[in-house]
Amino acid sequence: MKKLFLFSIAFLTLSIAVSAQKSADNKAAELANRFFNAPAQGNAAAVLNEILATNFKSEHFPPPSGSTKAEYIEGIKGFLNAFPDTKITVLKQFGKGNQVFSYGFIEATHKGSFMDIPATNKKVHITFMDIWTEQDGKLIYNEVVMDMVGLMQQLTTTQGAEKK
């Protein structure tokens, strides 16, 4: 019983320490955080063009997987056209070597067409997790998982819908 208690205390202490770590301190984190801050500054495409390597590849965004740098930037521009007030909040971030893992959420208002859904003026909350890989001062790879089912439910449900 005493061992279980000590293990629980150690785990809780480690969890608190990990939770307190919001930002990693490697080059991948620095570059990813520049992107996360870019929508609020209105310069996401320019920042991406600067920080993504020529041979950049992305998995899962925008569909289909295996997007190139140009396809990724166009996908982000399309997302930001539909959700122009996008704010990205990173809750946790861990870096190791040339990679960074981020977990957070996106808050935005649906002001333009997105995936054939016309603007609803609804505020949305989208959780995400992603991994960025850096090489030679540029991001070369991204894997991202976003709660697209939750986003679609928020955009298409009438229950609790905001009035225009």
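Mentor: What follows begins with the charged pairs and then moves to the core and the loops. This is a predicted model, in which local features need pLDDT of at least 70 and side-chain atom pairs count only at pLDDT 80 or more, while totals for chains, interfaces and linings use all residues. Residues are numbered from 1 along each chain as its sequence is written, and side-chain values use heavy atoms, with hydrogens and water left out.

A salt bridge here is a side-chain nitrogen of Lys or Arg within 4 Å of a carboxyl oxygen of Asp or Glu, and by this rule the count comes to three. To place them, we need helices (DSSP runs of H or I, at least four residues) and strands (runs of E, at least two), both numbered from the N terminus.

An α-helix has 3.6 residues a turn, so residues three or four places apart point the same way. We call a residue buried under 20% relative accessible area, exposed over 50% and partly exposed in between, using a 1.4 Å probe and protein chains only. Glu30, at 43%, is partly exposed, and Lys27, at 36%, is partly exposed too.

In another bridge, Arg34 meets Glu50 at 3.1 Å, N to O. This pair links distant parts of the chain, with Arg34 in helix H2 and Glu50 in helix H3 (residues 44-51), 16 residues apart. Arg34 is partly exposed at 31%, as is Glu50 at 43%.

The remaining bridge brings together the side chains of Glu74 and Lys77, again 3.1 Å from N to O. Both residues lie in helix H4, three residues apart, or about one turn, and Lys77 is partly exposed at 36%. Helix H4 itself (residues 69-82) has 14 residues, and at 1.5 Å a residue it should span 20 Å, which agrees with the 20 Å between its end C-alpha atoms; the expected span is 1.5 Å times one less than the number of residues. Other residues of H4 are buried, including Tyr72, Ile73, Ile76, Phe79 and Leu80.

Of its 38 residues, Leu52, Tyr72, Phe79, Phe83 and Trp132 touch the most other members. Helix H2 (residues 27-41) supplies the largest share, seven residues. If we count contact as heavy atoms within 4.5 Å and leave out residues up to four places away in sequence, the partners of Phe83 include Ala108, Phe114, Val124 and Leu151.

Finally, look at two loops. Asn121 sits between strand S4 (99-109) and strand S5 (123-135), and its phi is near 65°, a positive value in a residue other than glycine. Asp136 lies in the loop between S5 and strand S6 (138-146), and its phi, near 55°, is positive as well. Asn121 is partly exposed at 26%, whereas Asp136, at 74%, is exposed.

Definitions and conventions:
A nonpolar core is a set of buried Ala, Val, Leu, Ile, Met, Phe, Trp, Tyr and Cys residues joined through side-chain atoms within 4.5 Å.
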